[in-house]
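Thanks for making the time this morning. Let me put the structure up before I say anything about it.

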Amino acid sequence: MKKFGKKFGKYILLISSILILVFSLTACSDGYKFTAVPGGQPNKPTESNGGQVVKQGDKLYFVNGKTDEKAGNDFGSVVKGAIVRGTIGADGKLSDFKTIVPKNVYSKGRENGRNGGIYIFDNYIYYLTPNNEIDKNDKLLNDRLDVMRVKLDGTGTEKLGTPFISLDYEYKFVKNHLVAFDGKKITILKLEDNLPVVKEINDVTGMLMPKTETYQNGKEYVSDYIFYTRNLTEKESEQHIGSRNNVLCAIKCDGTNPIEIVNADTTFNGAKNDYQITLKDYLVDGDNLTIFYNRKSDVAGSVEKLYSYTFTTASLTSADKVYFDSSKETLIYANSTGTIIPFSAETVLEISDKTIISYNNDAKKLLTFVGENNQGTFDGTFVKLEKEANEVFMYYTTGAGLFRVKINTAIVDKVESVEIDTKSIQRIYDSSVGTNVFGNEIVDGYFYFCNSTKYDYVYRVDVTKENTSSKLEEGDTRVNPELVGFMNGADKEKLEKAEKENK
């Protein structure tokens, strides 16, 4: 009897253990239970990676409206702020909208001018979402971000970890890795369970995190690198007594190939000077990546000068380990500037005090701008520069809507000349344009934005046509902005009620 009792006890213990394991697995699985939505195209190139709207093949993935960290975030109940997928028809029309991620996709980094967004690599979508756990004091921990991934069909959702004890990080995903910057430290994490840290870089004084906006499996991109500045270490200062320069570095986003581009031994025009480099912005143009930076010599009376330097993947993996040649450095302007808008590797624009200025080859030029009311000043807010075929357009907003204007370029005496074609101004949309959580995008000729008059859901307009927010009269050729995705029931009801009252 005793033997039977011992055996029976063992069986009970074993069965209990199995039940606990099954319960644990079921509970974990049920937390992200989702019915598969077939139709993804993981082998197709990905476009506009790292924004609010990402295209892969004939599928469009987008964050369905603008929310914040306070929005409800229970998996399965989220509509506004979720990731939705639509199918792009041969005529460009969108249809067959399906929710892929019923979680609130959000981070605050973009609001502060930093990178952020959703990324697709092969068969996975990567995104950040406010944490949805409660601590022992019953406080909702939505002031920190979870790193998530999910398959293109909406199944296999995983929380990889919660490394961000803040909502305000600059970040970008690359295949298998995540790079994050908190203003002082760069952290590279591997995209697997618990997000093991591959590399940490401290005492960072400035950083550029170029986006890999176009991705095709197996291809290397120069934008797979990040660039940063740091001060000399104590050991470097001892080796270079009296030096007051800093170091310009780059590293691949998987933590490999860390390089010093400019250091205490670098010479400029044959002379060795102390200098400080301040990173300003970057421009990706095909296989070329140009960084823009201010450089100031320590010589008394020196001023900051704006320069650019262009890299390729080959130049960052140089066998002779020489990554910088001062003779290839381009002087943009021999004085300080405000916030710049890179136009090309040799030219930048600046919008300041209702004027548009171009800087090129140490020349400052005021660009004439004539707005819709024939005023001589620029009264808009810059949105973005967009290349369309061989032409460049500047998109901007005013209180009267969304506009674009063509920017003409010419080479005069081997120097790029930039002019605004004031006769080309086109009103695209006649109402206010809100900003998406991760910035506004232009994808395949459509401008995607959060419509502040429609509860901040995503709408789009064809940039080649005039669009209006008003009701059209019979025979009017203008088109209304198109809702992308769908509204939740409460917002849809409120909108229908408001429109009925307006009638």
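I will go through the nonpolar cores, and then a group of paired strands.

What we have is a predicted model, in which local features need pLDDT of at least 70 and side-chain atom pairs count only at pLDDT 80 or more, while totals for chains, interfaces and linings use all residues. Residues are numbered from 1 along each chain as its sequence is written, and side-chain values use heavy atoms, with hydrogens and water left out.

A nonpolar core here is a set of buried Ala, Val, Leu, Ile, Met, Phe, Trp, Tyr and Cys residues joined through side-chain atoms within 4.5 Å, where buried means under 20% relative accessible area with a 1.4 Å probe, protein chains only. The largest such core has 37 residues, and Ile125, Tyr127, Val147 and Phe173 are those with the most contacts inside it. Among the strands that each supply at least two residues of this core are E7 (124-130) and E8 (145-151), strands being DSSP runs of at least two residues, numbered from the N terminus. A second, separate core of 23 residues includes Val222, Tyr225, Leu279 and Phe324.

Turning to strand E19, which spans residues 288-297, eight of its ten residues are buried. Strands count as paired if DSSP finds at least two bridges between them, and E19 pairs with E18 (residues 275-285) in the antiparallel sense over ten bridges, with Arg295 as the bridge partner of Ile277. These two strands form a hairpin with two residues between them, and Gly286 in the turn has a positive phi of about 65 degrees. E19 is also joined to strand E20 (residues 305-311) by seven bridges, again antiparallel, and there Thr290 stands opposite Thr310.

Conventions
Buried means under 20% relative accessible area, exposed over 50%, partly exposed in between (1.4 Å probe, protein chains only). Helices (H or I, at least four residues) and strands (E, at least two) are DSSP runs, numbered from the N terminus.
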